[in-house]
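Here is a friendly walk through one protein model, with its packing and its charged pairs in turn. Have the structure open as you read.

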Amino acid sequence: MLEKLRERLQAHRPRRLGLRLPEAAVLMPLVDRPEPTLLFTRRAAHLNTHSGQVAFPGGKREAHDPDLLSTALRESEEEIALPPQRVELLGRLSEVVSLHGLRVTPFVGLIPPDLPLVADPTELDIIFEVPLALFLEDRRHHTDVIPVDGRPWYVPNYHVDGQVIWGLSAMMLVELLAEGFGQPIDLHREPPGPLCYFPDRLLRIQQHATT
């Protein structure tokens, strides 16, 4: 499964948005277990932005970062003590825009199981893993309908052991599932099941960025 994922991601041509926005990068760590898992973090409750939200490790690009992969690896080391040399890069996904106006680039990496990872308490509450099978089987709780550039995006919302995976992280997951595993999942096609509608916030961010 993971070898096929590597091949598919290496052949994938991720989308570049071309927006004049501050840059950020995240790492989507796949844990190389007999039944692979995806690693997530939950932002600390005391933070001013994204508090309590589930996310992949990552953050804003700093001036000394030579590239965005370096940003993702540096932030992962700072946030969860993940050594960069233990990450095997599998591929890069398309840029997405956060609600706070960041242009975020996701990188998919394979890491060994049972590393001594530690959450930075100034930024995170917990680190946890979710079986990849849960996403491959599309066991979503419901679908968030988020307007982006004048059209609805159908973003899955997953509830796992009290954690909620939604928003930007779920958008990244959809591309990983579709491009990396060939799953029939699409942000632009209405799925069956309950829908939750969001206001037109992302559209305003993109309009501001291009003016």
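Buried means under 20% relative accessible area, exposed means over 50%, and partly exposed lies in between (1.4 Å probe, protein chains only).

## About the model

This is a predicted model: local features need pLDDT of at least 70, side-chain atom pairs count only at pLDDT 80 or more, and totals for chains, interfaces and linings use all residues. Residues are numbered from 1 along each chain as its sequence is written, and side-chain values use heavy atoms, leaving out hydrogens and water.

## Salt bridges

A salt bridge here is a side-chain nitrogen of Lys or Arg within 4 Å of a carboxyl oxygen of Asp or Glu. Searching the whole structure gives 17 of them. One joins R74 and E75, at 3.3 Å from N to O. Both partners are buried: R74 has a relative accessible area of 12%, and E75 has 8%. Salt bridges with shared partners link E62, D65, R74, E75 and E78 into one network.

Another salt bridge pairs E129 with R33 (2.9 Å, N to O). E129 sits in strand 8 (residues 124–131) and R33 in the loop between strand 1 and strand 2 (37–43), so this pair ties together parts 96 residues apart in sequence. Strands (E, at least two residues) and helices (H or I, at least four) are DSSP runs, numbered from the N terminus. E129 is partly exposed at 33%, and R33 is partly exposed at 23%.

## Nonpolar cores

A nonpolar core is a set of buried Ala, Val, Leu, Ile, Met, Phe, Trp, Tyr and Cys residues joined through side-chain atoms within 4.5 Å. The largest has 41 residues, with F40, F135, L173 and L176 making the most contacts inside it. Helix 4 (residues 167–181) supplies its largest share, 8 residues.
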